[in-house]
Amino acid sequence: MTQPFDLITMGRIGVDIYPLQTGVPLARVETFGKFLGGSATNVAVAAARLGRRSAVISRTGRDPFGEYVHQALRDFGVDDRWVTPVDAYPTPVTFCEIFPPDDFPLYFYRRPKAPDLVIHPEELDRGAIAAARIFWITGTGLCEEPSRSATLSALEARAKAGTTVFDLDWRPMFWGGEGGASGDGGATGAAAMAAARPYYEAALRHATVAVGNVDEAEVATGLRDPGDCARALLEMGVELAVIKQGPKGVLAVHRDGRTAEVPPTPVEVVNGLGAGDSFGGALCHGLLSGWELEPMMRYANAAGAIVASRLACSSAMPTADEVDAFLGDG
């Protein structure tokens, strides 16, 4: 029997097409860079950069961008055995605009359907999922069938073995909503949240860790105060709730009563996209290392800040030496 993976993530994969010019509207951008993308994929890359053995469960189109995704995963040391092609749909691409320090609009090209939403329950390697030290799923995986059933089936196979992380990962447009986060989700934002909440609740019953910002936590709990959100998530079944608060830092609350509230790590922001995925990979690294809450949150904050100071997402993920040096521990 092969050694279990440190981390298996399940969810979005694709290609990020990012401007090589900042402060320029997309319509006027002349040069772009191509990068591996997708939240669950970036988390696996982030953990691999920190020395963890990671893999992704996802799907691509049977096209050149799909070939690129496989090559990029291998280059980052992420196992791609469960990334399979779908003939009917193209590999998704995502464009962004870069207006530092806090405006980074995303444009998802995932229609008529993204291949990563065509994961079927019967395709899952349930034994590998159950054996992984950490299994990571996202809210986007719940937005459409058959991915929804596959995600919930994977959680059932997991049966709370080891650490199971639910990245609340709220994208209203994948649920028929508008805008960005729920706080400015447009006319249909509330309806999109209402559609998503039952599935978030079902996933939380199988998770041991929930992580997300206040807008994402609101989808699951209906609340917006960070402390209230954390306590509600604990009541819904998890052992650890991690609430990212942007300029207010991060709050972590454990079922056993331990808490940690860590301020943000100051950095000159180049591109805020991907910082949360870097945080997630570093969080997994800390959980696997058995760290206490405060140093784990401080480390994850630093990993996120490093990526925020760089242009790309996947290729910007820091190594352990880089995080240590950033924190002054190296």
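1. The model is predicted: local features need pLDDT of at least 70, side-chain atom pairs count only at pLDDT 80 or more, and totals for chains, interfaces and linings use all residues. Residues are numbered from 1 along each chain as its sequence is written, and side-chain values use heavy atoms, with hydrogens and water left out.

2. Four strands form an open sheet in the order β3-β2-β6-β7, with mixed pairing. The edges are β3 (32-37) and β7 (106-109); each has a single partner strand, so one side of each lacks a neighbour in the sheet. From one strand to the next the twist averages 25°. Strands are DSSP runs of E, at least two residues, and helices are runs of H or I, at least four residues, numbered from the N terminus; two strands pair if DSSP finds at least two bridges between them.

3. Strand β6 (residues 93-96) and β7 run antiparallel and are joined by four bridges. Cys 96 has Leu 106 in β7 as its bridge partner. Helix α2 (residues 64-75) packs on the sheet and touches β2 (14-19), β3 and β6, and its direction makes about 70° with that of β3. Axes here are lines fitted to C-alpha atoms, for helices over the stretch in contact, with angles from 0 to 180 degrees between N-to-C directions.

4. Leu 50 lies in the loop between α1 (39-49) and β4 (54-61). Leu 50 counts as buried because its relative accessibility is 9%; buried means under 20% relative accessible area, exposed over 50%, partly exposed in between (1.4 Å probe, protein chains only). Beyond its neighbours within four places in sequence, Leu 50 is in contact with residues including Gly 281, Tyr 299 and Val 323, where contact means heavy atoms within 4.5 Å.

5. Ser 147 belongs to helix α4 (residues 147-158) and counts as buried at 2% relative accessibility. Apart from neighbours within four places in sequence, Ser 147 is in contact with Asp 116, Leu 117, Ile 119 and Gly 141.

6. The largest cavity holds about 40 Å³ of space. Its lining residues include Arg 110, Leu 117 and Phe 174. On a 1 Å grid over the protein atoms alone, a cavity is a set of points where a 1.4 Å probe fits but cannot get out, and a pocket is an open set with protein on both sides within 12 Å along at least five of seven lines; lining residues have an atom within 4 Å of a point. Grid points are joined across faces, edges and corners, and a volume is the space filled by probe spheres set on the points.

7. The second largest pocket has a volume of about 170 Å³. Among its 13 lining residues, Glu 239, Leu 240, His 254, Arg 258 and Leu 287 lie nearest its centre.
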